[in-house]
Amino acid sequence: MARSAIAIALPPAEFGAVSEQIAEAGFEPIEIRTAGDLEALLHERRDIGLAIVDSENDFDATLEMYALLHDEDRDIPALIVVAAQAFDQMSGFGGKASVKDEYVTRPYSAESLRWRVEAMLIRAEMPVGETESGIIMSEPPTEPSEAEGPRGQIVIVFNPKGGVGKTTIAVNAAAMLQIRKGQRVLLVDCDTVTGHIASSLGMEHVRTVADAWTEDLDTGADETFASIATQHLNGVSVLVMAESPLHTEILEPKKVAEAITAACRVYDWVIVDMHPDYGLLNQGIFERADKILVPVTPDVPAIRAAVQFREVAVELQIRDRLAMVVNRANSGVSVADMERVVGMPSLTEIRSAGMLFVQAANEGRSAVERFPKEKVIGDIEKLCSRMMDTRDSGAAKSGQGFLGIFSGGRNTNPTGRAT
Ligand SMILES: Nc1ncnc2c1ncn2[C@@H]1O[C@H](COP(=O)(O)OP(=O)(O)OP(=O)(O)O)[C@@H](O)[C@H]1O
Ligand SMILES: [Mg+2]
């Protein structure tokens, strides 16, 4: 992504820290004080990618700046800083609200502003339609032909034990790949029983695959996952299979598996969070996976469940695609011991992060956006880098999977650790 310049209209006390973060992210921060400054800047420069404006101190000036950003010739996204108490009272902005704009409430941290800017700029490059309660409805991505290049990777996050971090890892890996790695990501909530990806991302009542395919019966349409998905503010396309565990007969396993495979021609990554069971829907998807991440917490029930899954995977002939992600890894248990017992290489470890994931979910965001500097987000970044490394080396497609990468070949010690 080309790094653009960011116009910043903030009080001097805040400008310093924010401009430092913006510069660190590789953007050029440009201070503006008045609407006149902004007008001159927009005349002079064509590379202003975004403006950060303060609506708290001089509301009229902000309105003027806002109009300049969204006149007939341009539509530059604005990140508008407001007081928390003013936020509730705002409905639109001078009647010209743009779907690309966002609000941030004081107090905010300069780092969080930086990641918002990154996410907004990524999103600004994507086609958008209407907005509703903070959700951006994406235009259906076009389906490229086979000839357009390699297809994306299907990554399943699975462990038959509940509460080991499947959803947490799926949501945050998706956000990391999309926001910091510049990848196009479809995050699929395939847990039709207890799935809560959409609600943990603050997206209530999204259109589900069950809704869409039921409507298709009447209309004769045949909607793809890319067209049914709803885009989160962080840019990730989110797809929920069904809102209720009842009436899911429409989700015919083979059709779902095929739709996931088709989505790989539109997205770089399709990350699938699953309900912990071995039903036909899950089996159909396992078969299509390039990689299966198995989160394991260092406790006996989770380790036992992972061992069981490894055995099932041998029967399903997908064992080579499995890799353990040791979650809540800083509890004193040796990762090497876990690898030996579970019989899977550990792709990476994710430390325990207290209430941080819960807090981010309560705010409807991933922890990658909400706590970008935390060490645990560094762990998520490492996980994603390793996923990208295995993709780029082509191991998954050559059938070697994770074991090929981390232990030098199919028949060598399957517990060989990632380096
Ligand atoms: N590394 C971590 N540090 C702190 N909390 C974590 C960590 N990983 C997961 N959690 C928390 O543990 C709880 C269970 O995690 P999560 O919902 O991701 O598990 P799951 O495997 O998807 O469960 P289920 O099988 O019920 O869907 C959540 O509250 C989550 O925030
Ligand atoms: Mg879950």
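**Overall architecture**

Of the 419 residues that make up the protein chain, 48% count as buried. The structure is a predicted model. Its protein chain comprises 17 helices and 15 strands. Among the contacts in the protein chain with a separation of 6 or more, 72% are accounted for by residues 24 or more positions apart.

**Confidence of the prediction**

The protein chain has a mean pLDDT of 84, and 82% of its residues reach 70 or more. Over residues 126-140, however, the pLDDT is below 50; in the model this stretch has 32 contacts beyond near neighbours in sequence. The pLDDT is also below 50 over residues 396-400, a stretch with eleven contacts beyond near neighbours in sequence. Where pLDDT is low, the predicted coordinates should not be read in detail.

**The shell around ligand 1**

There are 17 residues around ligand 1, and those that come nearest are G162, G165, K166, T167 and T168. By residue class, the shell divides into six nonpolar, eight polar and three charged residues.

Two helices, α6 (166-179) and α14 (356-362), each supply at least two residues of this shell. The largest share, three residues, comes from α6.

**Helix α11 and its cover**

Helix α11 spans residues 280-288, and its buried residues are L281, N282, I285 and F286. These residues lie on the same side of α11 because they cover an arc of only 135° around the axis.

The buried residues of α11 are covered by elements that include both strands and helices. Among the strands are β8 (153-157), β12 (269-273) and β13 (291-296). Helix α10 (253-263) also contributes to this cover.

In sequence, D299 and S331 are 32 residues apart. In space, the C-alpha to C-alpha distance between D299 and S331 is 9.8 Å.

Methods:
Residues numbered from 1 in each chain as written. Chains lettered and ligands numbered in written order. Predicted model: local features only at pLDDT ≥ 70, side-chain atom pairs only at ≥ 80, totals over all residues. Near = placed C-beta within 6 Å. Helix = DSSP H or I, 4+ residues; strand = E, 2+ residues; numbered from the N terminus. Nonpolar A, V, L, I, M, F, W, Y, C, P; charged D, E, K, R; others polar. Buried ≥ 20, exposed ≤ 12 C-beta atoms within 10 Å, placed from the backbone. Contact = placed C-beta atoms within 7 Å. Arc of directions from axis to C-beta. pLDDT = per-residue confidence, 0-100.
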